[in-house]
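Good morning, and thank you for coming. Please look at the sequence and the model as I put them up.

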Amino acid sequence: MSAPAAQERAVPHEWERMPALYLSHGAPPLADDPVWPGQLAAWSAGLPRPRAILMVSAHWEEAPLALGAVETVPLVYDFWGFPEHYYQVTYGAPGAPELAESVRKLLRAPGMPVQDIPDRGLDHGAYVPLVEMFPDADIPVLQISMPTLDPVRLMEIGRRLAPLRDEGVLIVGSGFFTHNLAALRHAGGVPGWSTEFDDWGRRALDAGDVDALLDFTRKSPAGLLAHPRTEHFAPLFVTMGAADAFGELGEQRSVIDGFWLGLAKRSVQFG
């Protein structure tokens, strides 16, 4: 290798700070929706190109906090009763071993152990939106688990992960802004609890009312109907922590809104 080339490689790349995202990920049939895939694609087209993507999905709860595969392994088809072609979807993104090592260093602390589950592939909360946003699957992806549903602890995890944004890492919390599949069976159209919670959540985000968001099951209208179990709202708090570390909680905007099969698909960007 020539001296100039060696010197060029020795100079660290200066990355533009990546935003932090919370998105409503949908179910596998999202791919067939006439509108939503285009919205996700337009969103990603307006972002700086990430060096890597760190995913926190509603569909992986594991304690202690776990890192998924750092090499390409089969996807996790964690859904049942869908047509066969949804189980044929692939997303062979490169693994992210360097990112995994950075995450370990940032998160390991007394009372916060980190484990590795090397055969755990991306679940549908991760790959369903990524197929639409980054269809070439050429950006390394690492998924980590949620070790708790406590909003305060999840925000702290997000704050610890925030420095990765200055290293070209796109932090994505993937959930659903409202999520009560059982109640949808008895609703026609968009149920009132979904519209009420979505409107409340939009206003709380716009106002930067962190206290209300942290206590959303009590302070929001229809909170426990919109989220009878809170795992689909919980990834928002990792994203908020990653934004709060840079004082960006007041800089959020809803990129996608509206409803899909009665559920609010509100998705927001910080920074």
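How many positive and how many negative side chains does the chain have, and how far apart do the centres of the two sets lie? There are 21 positive and 34 negative side chains, and the two centres lie 4 Å apart. Lys and Arg count here as positive and Asp and Glu as negative, while His and the chain ends are not counted. Each charge is placed at NZ of Lys, CZ of Arg, CG of Asp or CD of Glu.

Before I continue, please note that this is a predicted model, in which local features need pLDDT of at least 70 and side-chain atom pairs count only at pLDDT 80 or more, whereas totals for chains, interfaces and linings use all residues. Residues are numbered from 1 along each chain as its sequence is written, and side-chain values use heavy atoms, with hydrogens and water left out.

I turn to the overall fold. The chain has eleven helices and ten strands; these are DSSP runs, with helices being H or I of at least four residues and strands E of at least two, numbered from the N terminus. The C-alpha trace spans about 70 × 45 × 35 Å along its principal axes. For 271 residues, a compact globule would have a radius of gyration near 18 Å, and the chain agrees, with 18 Å. That radius is taken over C-alpha atoms, and the globule rule is 2.2 Å times the number of residues to the power 0.38.

Of the 271 residues, 53% count as buried, where buried means under 20% relative accessible area, exposed over 50%, and partly exposed in between, with a 1.4 Å probe and protein chains only. Among contacts with a separation of 6 or more, 80% are made by residues 24 or more positions apart; a contact means heavy atoms within 4.5 Å.

Next, helix α2, residues 36–45. Which of its residues are buried? They are W36, P37, L40, W43 and S44. Viewed down the axis of α2, these buried residues fall within an arc of 125 degrees, so they line one face of the helix; the arc is that of the directions from the helix axis to the C-beta atoms. An α-helix has 3.6 residues a turn, so residues three or four places apart point the same way. The buried residues of α2 pack against β1 (20–24), α4, β7 (252–256), β8 and β10 (267–270). On the face turned away from the buried side are the exposed residues A42 and A45.

Two further buried positions deserve attention. A126, in helix α4, is buried at 0% relative accessibility and touches M55, S57 and Q143, leaving aside residues up to four places away in sequence. F237, in helix α11 (residues 235–244), is buried at 1%. With the same exclusion of residues up to four places away, F237 touches P151, L154, M155, L213, L214 and F216.

A126 and D150 are 24 residues apart in sequence and 21 Å apart, C-alpha to C-alpha. F237 and D150 are 87 residues apart along the chain, with their C-alpha atoms separated by 9.0 Å.

Finally, the backbone. The peptide bond from A63 to P64 is cis, with omega near -5 degrees, and P64 lies in the loop between β2 (52–61) and β3 (65–67). A137, although not a glycine, has a positive phi of about 50 degrees. Is A137 buried or exposed? A137 is buried, with a relative accessible area of 14%.
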